[in-house]
Amino acid sequence: MASELQKPVETSIRSKLTETFQPVVLEVLNESHMHSVPKGSETHFKVVVVSDKFESIPLIKRHRLVNESLQEELNSGVHALSIVAKTCKQWEDSGQKIGKSPPCMGGAGL
């Protein structure tokens, strides 16, 4: 309960993805510490959602579904969301591994 109060955005993301997709695997990784934001921020996330609900749904539509379910968070402070959305078979075939996120470029080159 205390961690839910300390991580309200992460908790909300976890709750909404669980309710929407009933995932077999769900990881919500707060990657804010990898960016130029204050300590304890909840602005950059990577989510791994493995669900049977993704069967026969193209990858782009899976991403859209995840974005739609998290629209409130994306409109109120979540700056970046990396999505890994797989079926159970795809998850097994991948060796149950997710790629490492690239380092923050801090706006370099813009």
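Arg 14 is partly exposed in this predicted model, at 31% relative accessibility. Its salt-bridge partner is Glu 10, with 3.4 Å between N and O. Both residues lie in helix H2, 4 residues apart, or about one turn of the helix. Glu 10 counts as buried because its relative accessibility, 14%, falls under 20%. Helix H2 covers residues 8-21. Beyond its sequence neighbours up to four places away, Glu 10 touches Val 28, Asn 30, Glu 42 and Phe 45.

Side chains of opposite charge can pair when their charged atoms come close. The search of the whole structure finds 4 salt bridges. One of them joins Glu 73 to Lys 16, with the closest N and O atoms 3.0 Å apart. This pair links distant parts of the chain. Glu 73 sits in helix H4 (residues 71-75) and Lys 16 in helix H2, 57 residues apart. Glu 73 is buried, with a relative accessible area of 6%. Lys 16 is partly exposed, at 22% relative accessibility.

A further salt bridge forms between Asp 93 and Lys 89, whose closest N and O atoms are 2.8 Å apart. Both residues belong to helix H5 (residues 88-93). They are 4 residues apart, about one turn of the helix. Asp 93 and Lys 89 are both exposed. Elsewhere, salt bridges with shared partners join Lys 16, Glu 72 and Glu 73 into one network.

Conventions
Residues numbered from 1 in each chain as written. Predicted model: local features only at pLDDT ≥ 70, side-chain atom pairs only at ≥ 80, totals over all residues. Heavy atoms only, no water. Helix = DSSP H or I, 4+ residues; strand = E, 2+ residues; numbered from the N terminus. Contact = heavy atoms within 4.5 Å. Salt bridge = Lys/Arg side-chain N within 4 Å of Asp/Glu carboxyl O. Buried < 20%, exposed > 50% of the residue type's maximum accessible area, 1.4 Å probe, protein only.
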